[in-house]
Amino acid sequence: MSDEPAVKRDPFRPDDLPELLREALVRKQVFDPADAPHPLDSNVSESEALELYSAIRQNRPERSLEVGLAHGISALAIIAGLAANGSGHHFVIDPFHPTMAAAAKR
Ligand SMILES: C[S@@+](CC[C@H](N)C(=O)[O-])C[C@H]1O[C@@H](n2cnc3c(N)ncnc32)[C@H](O)[C@@H]1O
(Lines give C-alpha, C1' and ligand atoms only; values in the text may rest on other atoms or scores of the structure.)
Protein backbone atom coordinates (compact mmCIF):
# COMPACT_ATOMS: atom_id res chain seq x y z
CA MET A 1 0.00 0.00 0.00
CA SER A 2 1.27 3.49 -0.94
CA ASP A 3 1.99 6.21 1.64
CA GLU A 4 0.82 8.80 -0.91
CA PRO A 5 -2.31 10.67 0.27
CA ALA A 6 -5.40 9.88 -1.77
CA VAL A 7 -6.11 12.50 -4.41
CA LYS A 8 -9.12 14.51 -3.25
CA ARG A 9 -11.50 14.93 -6.18
CA ASP A 10 -14.18 17.53 -6.42
CA PRO A 11 -17.36 15.44 -6.46
CA PHE A 12 -19.23 17.98 -8.58
CA ARG A 13 -19.01 18.02 -12.37
CA PRO A 14 -20.11 20.40 -15.13
CA ASP A 15 -23.16 18.25 -15.85
CA ASP A 16 -24.40 19.03 -12.31
CA LEU A 17 -24.98 22.58 -13.60
CA PRO A 18 -28.36 23.39 -15.19
CA GLU A 19 -28.57 22.77 -18.93
CA LEU A 20 -29.90 26.32 -19.36
CA LEU A 21 -26.67 27.71 -17.88
CA ARG A 22 -24.40 25.51 -19.99
CA GLU A 23 -26.40 26.26 -23.15
CA ALA A 24 -26.18 30.01 -22.53
CA LEU A 25 -22.39 29.75 -22.17
CA VAL A 26 -22.07 27.74 -25.39
CA ARG A 27 -24.44 29.96 -27.39
CA LYS A 28 -23.25 33.17 -25.70
CA GLN A 29 -26.87 34.27 -25.76
CA VAL A 30 -29.67 34.71 -23.21
CA PHE A 31 -33.35 35.62 -23.42
CA ASP A 32 -35.10 38.30 -21.35
CA PRO A 33 -38.56 37.83 -19.76
CA ALA A 34 -40.18 38.98 -23.04
CA ASP A 35 -38.21 36.26 -24.87
CA ALA A 36 -36.00 38.75 -26.69
CA PRO A 37 -32.45 37.45 -27.26
CA HIS A 38 -29.41 39.29 -25.86
CA PRO A 39 -25.71 38.56 -26.25
CA LEU A 40 -24.17 37.13 -23.08
CA ASP A 41 -21.58 39.74 -22.19
CA SER A 42 -20.90 39.66 -18.48
CA ASN A 43 -20.78 36.38 -16.61
CA VAL A 44 -18.79 33.81 -14.66
CA SER A 45 -17.14 30.97 -16.60
CA GLU A 46 -18.32 27.36 -16.41
CA SER A 47 -15.53 26.50 -13.94
CA GLU A 48 -16.42 29.51 -11.76
CA ALA A 49 -20.10 28.49 -11.90
CA LEU A 50 -19.10 25.01 -10.76
CA GLU A 51 -17.12 26.50 -7.86
CA LEU A 52 -20.19 28.48 -6.80
CA TYR A 53 -22.37 25.35 -7.09
CA SER A 54 -19.86 23.35 -5.03
CA ALA A 55 -19.67 26.07 -2.34
CA ILE A 56 -23.46 26.06 -2.01
CA ARG A 57 -23.62 22.26 -1.83
CA GLN A 58 -20.85 22.08 0.77
CA ASN A 59 -21.86 25.03 2.98
CA ARG A 60 -25.64 24.54 2.66
CA PRO A 61 -26.63 28.19 3.29
CA GLU A 62 -30.26 29.01 4.04
CA ARG A 63 -29.86 32.45 2.44
CA SER A 64 -27.49 33.91 -0.11
CA LEU A 65 -27.23 37.43 -1.54
CA GLU A 66 -25.71 38.23 -4.92
CA VAL A 67 -24.73 41.83 -5.69
CA GLY A 68 -24.60 42.03 -9.51
CA LEU A 69 -27.05 39.66 -11.24
CA ALA A 70 -26.27 40.67 -14.84
CA HIS A 71 -27.78 37.89 -17.00
CA GLY A 72 -28.06 35.47 -14.08
CA ILE A 73 -25.43 32.89 -14.99
CA SER A 74 -23.91 32.75 -11.50
CA ALA A 75 -27.43 32.93 -10.02
CA LEU A 76 -28.39 29.79 -11.98
CA ALA A 77 -25.42 27.92 -10.49
CA ILE A 78 -26.29 29.08 -6.96
CA ILE A 79 -30.00 28.26 -7.34
CA ALA A 80 -29.15 24.81 -8.72
CA GLY A 81 -27.03 24.19 -5.61
CA LEU A 82 -29.84 25.32 -3.30
CA ALA A 83 -32.34 23.16 -5.19
CA ALA A 84 -30.06 20.12 -4.88
CA ASN A 85 -29.68 20.88 -1.14
CA GLY A 86 -33.46 20.93 -0.84
CA SER A 87 -33.66 24.32 0.89
CA GLY A 88 -32.45 27.91 0.77
CA HIS A 89 -33.30 31.25 -0.81
CA HIS A 90 -31.14 33.31 -3.17
CA PHE A 91 -31.61 37.08 -3.30
CA VAL A 92 -30.17 39.17 -6.13
CA ILE A 93 -29.80 42.87 -6.85
CA ASP A 94 -28.61 44.66 -9.96
CA PRO A 95 -30.08 48.09 -10.58
CA PHE A 96 -27.49 48.93 -13.25
CA HIS A 97 -27.47 46.08 -15.76
CA PRO A 98 -29.04 47.55 -18.91
CA THR A 99 -30.95 44.46 -20.08
CA MET A 100 -32.33 43.29 -16.77
CA ALA A 101 -33.09 46.77 -15.43
CA ALA A 102 -35.09 47.48 -18.61
CA ALA A 103 -36.88 44.11 -18.39
CA ALA A 104 -37.79 44.76 -14.74
CA LYS A 105 -39.39 48.10 -15.65
CA ARG A 106 -41.66 46.51 -18.30
C1 LIG B 1 -19.62 40.92 -13.96
S2 LIG B 1 -21.31 41.32 -13.87
C3 LIG B 1 -21.99 40.02 -12.86
C4 LIG B 1 -22.00 38.69 -13.54
C5 LIG B 1 -22.96 37.71 -12.90
N6 LIG B 1 -22.66 37.53 -11.49
C7 LIG B 1 -22.91 36.38 -13.66
O8 LIG B 1 -21.94 35.65 -13.54
O9 LIG B 1 -23.85 36.09 -14.41
C10 LIG B 1 -21.36 42.64 -12.70
C11 LIG B 1 -22.75 43.20 -12.47
O12 LIG B 1 -22.70 43.98 -11.27
C13 LIG B 1 -23.63 45.03 -11.39
N14 LIG B 1 -23.29 46.05 -10.40
C15 LIG B 1 -22.26 46.94 -10.41
N16 LIG B 1 -22.29 47.72 -9.32
C17 LIG B 1 -23.35 47.30 -8.58
C18 LIG B 1 -23.91 47.71 -7.34
N19 LIG B 1 -23.37 48.71 -6.64
N20 LIG B 1 -25.01 47.08 -6.87
C21 LIG B 1 -25.57 46.05 -7.58
N22 LIG B 1 -25.08 45.61 -8.78
C23 LIG B 1 -23.99 46.24 -9.26
C24 LIG B 1 -23.51 45.47 -12.85
O25 LIG B 1 -24.70 46.10 -13.30
C26 LIG B 1 -23.24 44.14 -13.57
O27 LIG B 1 -24.43 43.62 -14.14
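## Contacts along the chain

Take the pairs of residues in contact in the chain that sit at least 6 apart in sequence: 70% of these contacts join residues at least 24 apart. Two residues are in contact here if their C-beta atoms, placed from the backbone, lie within 7 Å. This is a predicted model, where local features need pLDDT of at least 70 and side-chain atom pairs count only at pLDDT 80 or more, while totals for chains, interfaces and linings use all residues. Residues are numbered from 1 along each chain as its sequence is written.

## Layout

The chain has 4 helices and 4 strands, and from the N terminus on they run α-β-β-α-β-α-β-α. Helices (H or I, at least four residues) and strands (E, at least two) are DSSP runs, numbered from the N terminus.

Of the chain's 106 residues, 21% count as buried. Buried means that 20 or more other C-beta atoms lie within 10 Å of a residue's own; exposed means 12 or fewer, and partly exposed is in between, with C-beta atoms placed from the backbone.

## A look at helix α2

Helix α2 covers residues 46-59, and its 14 residues should span 20 Å at 1.5 Å a residue, which agrees with end C-alpha atoms 20 Å apart. That expected span is 1.5 Å times one less than the number of residues.

On the buried side of α2 you'll find A49, L50, L52, Y53 and I56. Seen down the helix axis, the buried residues of α2 fall within an arc of 160 degrees, so they line one face; the arc is that of the directions from the axis to the C-beta atoms. Their cover includes α1 (19-27) and α3 (73-85). S47, Q58 and N59 are exposed on the other side of α2. Just after this helix, R60 takes a positive phi of about 45 degrees.

## The nonpolar core

The largest nonpolar core has 15 residues, and L17, A49, Y53, L76, A77 and I78 have the most contacts inside it. Such a core is a set of buried Ala, Val, Leu, Ile, Met, Phe, Trp, Tyr and Cys residues joined through C-beta atoms within 7 Å. Helices α2 and α3 each supply at least two of its residues, with the largest share, 8 residues, coming from α3.

Leaving aside neighbours within four places in sequence, I78 is in contact with L52, I56, S64, E66 and H90.
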